[in-house]
Structure formats: structure tokens, C-alpha cells
Amino acid sequence: MFTQRLRLFFRQIKKSKLTFFINLVGMISGLTCVLLIYLWVDDELNVDKFHKNDSQLVQIMQKQVNTDQKRVYPNQSAYLANALKEDIPEVQIAVRTINALYKNTLSHDDIAIKAEGLYADNGFFDMFSFSLIQGTAKEALVGTNDITISRNMATRLFGSVENSIGKSITFNKDETFNISGVFENIVSTSTLQFDFVLPFDLLFKHYPYLYKDWSYSYARTFVLLATGTTLQQFNTKIEKYLTTKSEHNTNLLLARPFSEGYLYGKYEDGVQAGGRIDYVRLFSVIGFFILFIACINFMNLSTAHASLRTKEIGLRKALGSKRKSLVFQFLWESTFLVSIALAVSIVFTIAALPFFNELTDKVMVFSMTTEMLLFLIGVNLVTGFLAGMYPAFYISGFNIVQALTGKLKTTFGGFWVRKGLVVFQFSLSIIFIIGVLVIYKQINLMQNTNQGFDRENIVYFSLEGALKNNPKTFLDEVKNIAGIENASTTNSGFFGGHGSTSGLLWEGKNEDDETQMSYLVTDYDMIELLGIEILEGRSFSREFGSDSTKLIFNEAAIKKMGLKNPIGAKITLWDTPMEIVGVVKNFHFESLQEELKPMFMYMHPERLNTVMLKLEDDNLTTTLDELIKFYEKYNPGFPLEYKFLDADFQKLYNAERIVSTLSKYFAGLAIIISSLGLFGLAIFTAQRRRKEIGIRKVLGQNSIQIILMLSNEFVRLVLVSIIIAIPIAYVFANDWLSGFAYRISLHAGYFLMAGLTALVVALLTVSTQAIRAANENPVDALRDE
Amino acid sequence: MLLQLNKISKWVQSGGQKVFLLKDIDLWVHEGDFISIMGPSGSGKSTLLNIIGMLDDFNEGEYAFLDESVHTLKEKHRSNLYKQYIGFVFQSYHLIDELTVKENLEMPLLYKKHGGSERKALVADMLDRFNIVGKKDLFPSQLSGGQQQLVGIARALIANPKLILADEPTGNLNSKQGEEIMEIFKELNNEGVTIIQVTHSEKNTSYGSRIINLLDGEVV
């Protein structure tokens, strides 16, 4: 029985190669898509999930409620962790961490490496599952002379982990730390990424300007809840906790599971509003739909193809085959086909993975875990059933006599189902295309919107070593290199990572006003270097003596404070009296997803840690070479690692760009698979209407009229699809765009273009078959057997 | 003279050999003729009819229709010629299932230069003439075989052809229906329409004026 089926199956394939090919190609593309999406989704869902304490591990967030827009942010006072531990018994461990604001240089002998650092309290290694190969969690991060480094660092600096034990390393060429522990390299699915960890208290030595104060928030606070404590209980307990520490602080605390931070990182008006999880869901749905489109091809082609198999079915029935066994035969065939396709698509997936990894910025591997195996089996069965179900019941229901004589009436029901499925396929494809267009346009908008400053040809690097001692001299000398237009210093990266403060007082400020203002620490020449426009007053300038008590605000901040005559107005910042000397035009210092925030710039030489250079457009590489040579001489032992500001800017939209690229591929696939199906269907329509075409030709219709008639049928289907797709796509696109503070307006062009694309593709697909059918000699079709 | 076939041959290549479907056929047809082509299965009757109807090509010989030599005409010209002068009637009627009787009748007119009202009038005439006015909105599947063939003849006649080619027009009908159809052919012939029919039935040949017997592609 089984071998007979198998033999029959292969002979069927041989007989109808084209249908088989279309089915297989569609399935393989669909399944490859699904596998890749599965890998991606699985990877996303597993981010930060590897910690053993996952269920009890929470991050404390702060919610600002006394502003028009409630805001939730992760920064906390450096006091919070200890205070929570003392005051709340449910807290088992509380740890503060903060990433080093810039890369530090670790060196041993001649080897110097720039590394990402983390400052953390003891308990960090107990709380998180970053396993220590050397040292114990208890001893790590205690002594202020101790450093814990990654396996990678140890190998690079000392050749091996064993060699590193008991050794010491030089930190930024001026401090020495003993290696008290080595931890395993951090997996890519961790949001915390670092090469070394230092005790948290060293932060205040390395960044002396960071205050320990309840109103000064910069540390991340993680808490391990005692077993049995629920998140809800804990949240009720800590919500108003800050008021007990300082009377005026109306901010609320809330804890969220640490591992949820990655996927559910977005807050709107103080309420959790999705985040990357939206993309995870989106792509899961897309994956399912693409597979479904491929299944529809299978259904359509099999039912259409059934007209050629009626004899076999009739014969089987006449010889006593039960309907059940016929249904089983068809389901078996489809499942078998799917498993062939699945095998091929696994190969394709593995082949595509390096490219896909690059695209998604991930390190995914295809491994046959039990989970994967179950997934594959599940996909195989579900897809096989989905694809084979309709044909199985449709075909097995044939009437014996009709089937044997081949006089099977094409039932209108079956016909409509097929048309409906095609409409469904094309609606999905059109929705995808519209999605791609909208995403593309939005990203374009974000990249081309005038930021309010010039980000081209700006490089930046850490201010360290010899530079740190006397930045002024370095800046003056570096400007002598031909091709360097301007040089200045600032603190940390320009995009993101800004401090913000509510410690600002101005005349007429409401006592309860906790407005957070972002700030940039700058130096002379920075405003000029970035080409930021001054609206009122002046820029920071050496001509006016010390500007260390002077502030420059952006328009938004002036508006927020309601100052009529800002220039010369007195401001108190962190209890220091200051004065406004200038107002700059608003510029976007964050992603355009964010509303433009009020901000100010001030001079604080101690906090400067980044050199920024504006280069001339010409001879960029020569200038950079010169810079490297100059830097090596000026600051020996510190490798120069410079970055382009523009690259950082591009990074802001990484998620969107990945989504954009992926959707481009997926939409392309969707339309290809759909038209494959349409192609197959066109063949069968031409076959089904063969007699009619013959009659029409005999009665005088010419080929062109017949081509039009045949194409017309499909064009109508696509038109219906367009009508269905547009409103759905509109709703989705609007919803997606609402996540951006600055967004494109949806205009009819996108929808028309998507519809037109689908129409053209469909026409091209169908017309080849129509032309073939129309040019056939009618005598062949009309022969009375 | 309506048409003349001169040494018409048609063959197919099979295993390096020529297999003749028709061989050296000579045929003269005058206006008003009623010719029956007879012969066993596979003798080439239908092929001959298709060649006369210009639906099929031939490999050798000459064919003149109303003094135009068909074999030298371009495809487009040829199809204009048969559209204008020839009507076809088939054994299995070949009506379009998705169209009603009225629409089936109207179809040949759609590709000629007839106005809408003229078309309606012609269709009404035909319905009247064959007494099928009551069936005009039915689909072919709702008619009996005889009625379907009636529609088939009406459709062949609607463009007012000089020649009707009928390929076993009664082959699918019972004897009573068959007789009725043959009577109609007889009447049409009396009105001056030339008819060539392919038939198996001796009885049907009695309606015609001339019989051509074919065997293995040759006239005997």
C-alpha cells in the first residue's frame, strides 16, 4: 500500500512537473521564511532569559507624574539600591550598575585594548548568571583595587585565562587593578554587554562630578526578590517609596521583570506600550501568512489539478476505495511534499543564516534542539494538513460515474473558493507592499529631516591619557592638521545617553514642577562645530572670561519655562546660580521617534570626556591618517578608536532599518509566491476554458480579444484584492506611524503604487498563459472524441 | 462555384514516416449544394471538414473559396473570410455553458460590425424562426440535446453565412430529434444555403444531393 502510494506519487510528479515545481518552490520559499522568522523570534524571546533567577529578577524604573506627559525611565539615585535593601525585607539582593560612559584602555605589557566597562555592586554575579570561571561571586567587586574581566579580555591580554590569575592590569595607563575574577564571555542574547566590571564605588573616583543625592538619577537598580514575593506585592510596596526619602519628590517607583525590559521597553505617557515585542508579533504574523500563501497555492493547484486526476479517483472509488482512504491519500501526499520542501528549506535557511545574521545584527545558529525538532514536525503536519485538507475533501467527494466519464462539472462552489483564496493571497501581498513603502518612506524622512545641526564628517573619540590633562593644548594642536576644520570637547556620545535633571530653578517655577531637562556638557566651539543656529544672545565664548556659570537653552526649554526675556535671566542649577547667555534653535539630539525635549548646554570642564572633530569633506582618509599619526605620538599607549557621528545617527534607526529590509524581502517573497500560484491557476483556467476559447475562436473572436478576456478574469480578482487590502493597510500603517513623533503623512500614492505593482505582476504572470491559450488551434480543443 | 479543392493532402510525421490523413482530395461545391461526407472512423471526414472551414491547414494542394485562393491568404484575411461566409454546427453543440441561449446566439455578432439594436433584432429573428423564444434566458445545461443543437444551428445561421459545415449534427441526438434537425437543414438548403455535413447515417444522406465517401483519407 505504502510503496504503491509512493510510486504513484512520483509518477504524478513526473506527469505534472510544472504544478509540482510551482508547489515546491512556493513551499520552500514559505518554509524558509518561516524558519528564519522562527529563529529570529526565538532569539528575541530569549534575550536576557538565561539568568537562573529570571523569575525573581526585577529592574526598578522611575515614573515621573507631575508633567503633562508622564515619563518612565530606568535611572535612579545611587542611594536607592541600598535603601531598598534596608527598608524592604522582600529585597534579597539589590545592585546598582552603570555602564562606563566611554571605552577605557586596559593594558598589560605592550598590549592595550579598548574595552566596555561596567560598574556594579557586589552581589552582581549572584544576581545575574554571568558565570565566573575564576574567583567567586562573593569576593568579586569588593576591593577597590579589584577588577573582573571577561575570558576574551584575559586571553587577549595574557594569552589564556590561567595566565591571568593573580596578575594586574593597567587601567587608562594611570591605575592598576588586580584581576580578582574572570567571567565567561557574554552571550549575544544578553542586553548587558561588558568586557570588565569594577566595583560601583569606583564610579565616583572616575567620574567625580556624579553626586550622591536623592534627586540625582543615573544608576540602574536591579533587585532580586525573595522567593514567594510577587511582582505585584513588591510594586505596591515601592510605589510611593521616594516620598519617604525626599518630601518634594512625587516620582513613583515601579519594578518590571528584568528580562521583559528588552521586548517591552517602550512607555507612552507612563504606561507600558509595547516595544520590540511589536516587531516580534508582526514578524510572527508575517511568517504565518507567507506560509499560508504557499499553502493556498497548494490548495488551488491541487484542486485545479484534480480535473486531470478525476479518472484515477473515479477508478479508485469504483474499485472500492473508501472516501476516508482517499482523503488520507491526499493528506499524505501534501504532508510528504511539505516534508521534502522542509528538508530543502532547512538547507536554504542554514545557507542564508550568515546573511540573515548580518541583516538582523544577531548571532543565530541553526541547531537541532528538541524544541526545533518539535517545531519542524509541527510545521510539517500543520502545513501538510492546511495545504492538503481542501483538495482532499473536494476531490474525494467526486461522483464515481462523472469522474470516470470525465464529465465533471466544475462546481461553482469550488470555483469561488479558489477565487477567494487568490484574492486573499493578493490582499496580503498588497498589504505587505504598502507596508514596505510606508516603512521605507518613514525611514527616509527620519534620515533626511533637517536635524538642526550638521552631522557630516564629524568624528569623536575618548578624551583620555595625555589629552585629559590638558585638552586645550591638544585641541589647539590637532587643529593644525590640514583638513581638520574645528575641534571641541563634550561629554559622551551625542545621540542618546544624555543626562537629564529636574534640579533647575527659574523665576516663576512652580514648586511641584519636576520637569526633566536634558543637558549637554559642552566646551567652547561646540555649537559652531555642529553648526547649531543661535537665535538670541551668544554662544559660549572665551572673549567673555569664564563661561562656567553661563547656560544656553534651546527654544523648547525657554517655552517650557515661560521666560519672556531669556537673555540674562537668572537660573539656579544644582544650587549654583547661573545665567542664560543664549538661546539656540531646536535641534534633534535624539531619535525622531522622540518628541523634541527641552534641553540646555553648559560648560563643565571636569565632565568633558569626548573629543569631537569636524573634518573637511576633501581628502577625508588622508586627514584621518594624519590624525592617527599625530595621536600616536601625542598619546602613546592609548589606541585611537574614533567613530563617526553620522554612523551613530544611523544606529538610532537600527530596529526600523532591520524591519525595513526584512519586510522588503518578505513582501517580495509574498508577491512571488502569490504570482506563482496565479500562474498555476492561469494554466488551469486556460485548460478549463479550452473548449470555450475554441468556440469563441471559431465564431470569430481573435486572439487579442481572447487574451483580454482571460486576463480580465484575473485582473478583476486583483482589483478586488486592492479594494480589500487598502483599508487594512491604512489602519496598520497609521498605527505603526503613530509611534513616531515625526512621521510621514499617508498619501494615496503609496496605495496606488502597491496596487499597480500587484496588478502588473499579475498581468505579466497571467498573460503568458493567456497568449498560449489564445493561439491554440481551435480544432484541437473542439474535437469530438 | 462556391469552393474548389484541388489535390489537397494533409499528413503527419510519425516515426519518420508520412501518415496521410487526407490524400489528393478533389472537390467542387456549387452554391445550393447539400453534400454528405461519409466514411468509417478515422477516414478523415472531420479533417476535411475543418480544412474546408479554414480551421485547419493542409500540406499540399490548392483551395479556392469564392475565387480567393485560401492557401495563399494571410491568417487574418482567412479568418475574415470564414467569419463572413461560413457557419459551424458541431456534434456536441459546443455552446458556452456560462452564457444563456440569447447570449450564445449573440456571440458571433459581437465580433462583426453590427449595432446593438441590429444585434437584438437578429437574435429575436432567430429565436422566432426556431421557436425557442421561451428558452432565451436558459443556460445550455437546462436544454435537451435537440434543443441545444437547435441553438447551435441558430448560432451558425445568425451571421447569414453562405455555407454551413455540420460535423455529425445528429450524432448525439435520438432519432426523432435527429429527424427534426435534418428537416431544418433541408429547409435551409431549399432557401439557398449550401450545406456540407459529415455523417455516419445513411438516412441522413438521403436529405442531401451528393455523397462523398472517404476511406483512409482518399475519396472512393
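Biologist: In this predicted model, what percentage of the 785 residues in chain A is buried?

Modeller: Chain A of the predicted model has 785 residues, and its secondary structure comes to 24 helices and 28 strands. Along the principal axes, its C-alpha trace spans about 105 × 55 × 55 Å. A residue counts as buried if 20 or more other C-beta atoms lie within 10 Å of its own. The share of chain A that is buried is 38%.

Biologist: Among contacts in chain A between residues at least 6 apart in sequence, what share joins residues at least 24 apart?

Modeller: The contacts considered are those in chain A between residues at least 6 apart in sequence. Of these, the share that joins residues at least 24 apart is 81%.

Biologist: Which residue is the bridge partner of A:Gly117 in S12(A)?

Modeller: A:Gly117 belongs to strand S7 (residues 117-120) of chain A, where A:Gly117 and A:Tyr119 point one way, A:Leu118 and A:Ala120 point the other way, and all are buried. S7(A) pairs with strand S4 (residues 91-99) of chain A in the antiparallel sense over three bridges, and there A:Ala120 is the bridge partner of A:Thr97. With strand S12 (residues 196-199) of chain A, S7(A) pairs in the parallel sense over four bridges. In S12(A), the partner of A:Gly117 is A:Phe196.

Biologist: Which strands of chain A stand at the edges of the open sheet, each with a single partner strand?

Modeller: The sheet has four strands in the order S18-S27-S17-S28 (chain A), with antiparallel pairing. Strand S17 (residues 458-462) of chain A pairs with S28(A) over two bridges, and A:Tyr460 has A:Lys643 as its bridge partner in S28(A). Each edge strand has a single partner, so one side of each is left without a neighbour in the sheet; these strands are S18 (484-490) and S28 (643-644) of chain A.

Biologist: Which helices are included in what covers the buried residues of H3(B)?

Modeller: Eight of the ten residues of helix H3 (residues 101-110) of chain B are buried, so this helix is largely enclosed by the rest of the structure. Among the buried residues are B:Val101, B:Leu105, B:Met107 and B:Leu109, and also B:Lys102 and B:Glu106. The cover over the buried residues of H3(B) includes helices H4 (116-129) and H5 of chain B.

Biologist: Are H5(B) and H6(B) roughly parallel or roughly antiparallel to each other?

Modeller: Helix H5 (residues 145-157) and helix H6 (residues 175-190) of chain B pack with their axes 9 Å apart, at an angle of about 15°. The contact is made by B:Gly145, B:Gly146, B:Gln149 and B:Ile153 of H5(B) and by B:Gln177, B:Glu180, B:Ile181 and B:Ile184 of H6(B). By class, these are three nonpolar, four polar and one charged residues. Angles under 35 degrees count as roughly parallel, and H5(B) and H6(B) are therefore roughly parallel.

Biologist: How many residues of chain A are in contact with chain B?

Modeller: On the side of chain B that touches chain A, the residues divide into seven nonpolar, four polar and four charged. Chain B contributes 15 residues to this contact, and the number from chain A is eleven.

Methods: Residues are numbered from 1 along each chain as its sequence is written. Chains are lettered from A and ligands numbered from 1 in the order in which they are written. This is a predicted model: local features need pLDDT of at least 70, side-chain atom pairs count only at pLDDT 80 or more; totals for chains, interfaces and linings use all residues. Axes are lines fitted to C-alpha atoms, for helices over the stretch in contact, and angles run from 0 to 180 degrees between N-to-C directions. Angles under 35 degrees count as roughly parallel, over 145 as roughly antiparallel, 65 to 115 as roughly perpendicular and the rest as oblique. Two residues are in contact if their C-beta atoms, placed from the backbone, lie within 7 Å. Ala, Val, Leu, Ile, Met, Phe, Trp, Tyr, Cys and Pro count as nonpolar, Asp, Glu, Lys and Arg as charged, and the others, Gly among them, as polar. A residue is buried if 20 or more other C-beta atoms lie within 10 Å of its own, exposed if 12 or fewer, and partly exposed in between; C-beta atoms are placed from the backbone. Two strands pair if DSSP finds at least two bridges between them.
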